[in-house]
Amino acid sequence: MSDVVRTDLPEAEDTRALGASLAAVLRAGDLVILTGDLGAGKTTLTQGLGEALGVRGQVASPTFIVAREHPPLPRPDGTTGPALVHVDAYRLGDLGELDALDLDSSLDESVTVVEWGRGLAEALTEDRLEIDLERPRGGEVALDHPDAGVRRVTLRGVGDRWAAVDLARIVAGQAARGEP
Ligand SMILES: Nc1ncnc2c1ncn2[C@@H]1O[C@H](COP(=O)(O)OP(=O)(O)O)[C@@H](O)[C@H]1O
Ligand SMILES: [Mg+2]
């Protein structure tokens with residue numbers, strides 16, 4: 001299985017859809033590390049994920065707080081999925097602080113998404129899904145819409161958890177809930 005998958009996300013809606021697609025695969029205990037400059041689309045992706053996971057509350061930039069917890073809502077079929085813990089590692093001094101946050105839902109009951117986490121969150125677990133978002137340089141920038149434009153995303157699974165996961169299917173939006 002290819003361990004690195006890349007694709008282009010032309011619109012914010014595509015970034016959101018990738019987050020939704022991830023919801024089918026992510027489960028309690030998983031860690032996702034989102035790396036990218038300000039405005040790259042990290043929160044946008046997390047919004048798509050939160051909606052598709054079916055968690056309580058609006059996913060927003062975790063500004064002024066280090067982490068926000070979104071408890072799971074019961075699904076129509078009566079089952080309950082994982083909580084979403086959305087972390088802004090930019091505000092974290094180091095990893096110990098994440099442990100010390102004393103979250104209501106423990107990390108192994110939650111999908112944990114860390115924005116800007118590289119170098120901080122990696123020691124959390126050996127298994128992690130790394131997602132990089134970048135705006136390709138040299139593209140045309142519309143001055144009246146500085147945020148607009150294609151994002152290039154790279155997914156990389158690290159550790160046993162991700163060894164059997166077909167990242168290309170996630171990117172293609174074809175992953176089904178319950179797949180490994
Ligand atoms: N292809 C795209 N993917 C993601 N966001 C996009 C895209 N095109 C435009 N945007 C806009 O760029 C902004 C990204 O902001 P945000 O997700 O908060 O970034 P970050 O969390 O990385 O700082 C949003 O306003 C979003 O609507
Ligand atoms: Mg953000």
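Trainee: Where does R56 lie?

Mentor: In this predicted model, R56 lies in the loop between α2 and β3.

Trainee: Is R56 buried or exposed, and how do you know?

Mentor: R56 has 12 other C-beta atoms within 10 Å. A residue counts as exposed at 12 or fewer, so R56 is exposed.

Trainee: Which residues does R56 touch, not counting those up to four places away in sequence?

Mentor: R56 touches H70, P71 and L73. As for P74, 18 residues from R56 along the chain, the two C-alpha atoms are separated by 9.8 Å.

Trainee: What makes you call α2 mostly covered?

Mentor: Ten of the twelve residues of α2 are buried. They are K42, T43, T44, L45, T46, Q47, G48, L49, G50 and L53. For the whole protein chain, buried residues make up 36% of the 180 residues.

Trainee: Which elements do the buried residues of α2 pack against?

Mentor: They pack against α1 (12–23), β2 (31–35), β3 (67–70), β4 (83–88), β5 (110–115) and β6 (128–134). The helix lies across β2, β3, β4, β5 and β6, running at about 170° to β5.

Trainee: Which residues come nearest to ligand 1?

Mentor: Of the 21 residues around ligand 1, T15, G41, K42, T43 and T44 come nearest. Both α1 and α2 supply at least two residues each to the shell. By residue class, the shell has seven nonpolar, eight polar and six charged members.

Trainee: What is the strand order of the sheet?

Mentor: Seven strands form an open sheet, ordered β1-β7-β6-β2-β5-β4-β3, and the pairing is mixed.

Trainee: Why is one side of β1 and of β3 left without a neighbour in the sheet?

Mentor: Both β1 (4–9) and β3 stand at the edges with a single partner strand each, so one side of each has no neighbour in the sheet. From one strand to the next, the twist averages 15°.

Trainee: How do you know that β1 and β7 (residues 151–158) count as a pair?

Mentor: Six bridges join β1 and β7 in the antiparallel sense. Pairing requires at least two bridges, so these strands qualify. Within this pair, D8 stands opposite R152, and T7 has V153 as its bridge partner.

Trainee: What joins β7 to β6?

Mentor: They pair in the antiparallel sense over seven bridges, and E130 has R156 in β7 as its bridge partner.

Trainee: Which residues of β7 make up its covered face, and which its uncovered one?

Mentor: The covered face holds R151, V153, L155 and G157; the uncovered face holds R152, T154, R156 and V158. In a regular strand, side chains alternate between the two faces of the sheet.

Trainee: How many helices and strands does the protein chain have?

Mentor: There are five helices and seven strands, and from the N terminus on they run β-α-β-α-β-β-α-β-β-β-α-α.

How values were computed: Residues are numbered from 1 along each chain as its sequence is written. Chains are lettered from A and ligands numbered from 1 in the order in which they are written. This is a predicted model: local features need pLDDT of at least 70, side-chain atom pairs count only at pLDDT 80 or more; totals for chains, interfaces and linings use all residues. A residue is buried if 20 or more other C-beta atoms lie within 10 Å of its own, exposed if 12 or fewer, and partly exposed in between; C-beta atoms are placed from the backbone. Helices (H or I, at least four residues) and strands (E, at least two) are DSSP runs, numbered from the N terminus. Two residues are in contact if their C-beta atoms, placed from the backbone, lie within 7 Å. A residue is near a molecule or strand if its C-beta atom, placed from the backbone, lies within 6 Å of it. Ala, Val, Leu, Ile, Met, Phe, Trp, Tyr, Cys and Pro count as nonpolar, Asp, Glu, Lys and Arg as charged, and the others, Gly among them, as polar. Axes are lines fitted to C-alpha atoms, for helices over the stretch in contact, and angles run from 0 to 180 degrees between N-to-C directions.
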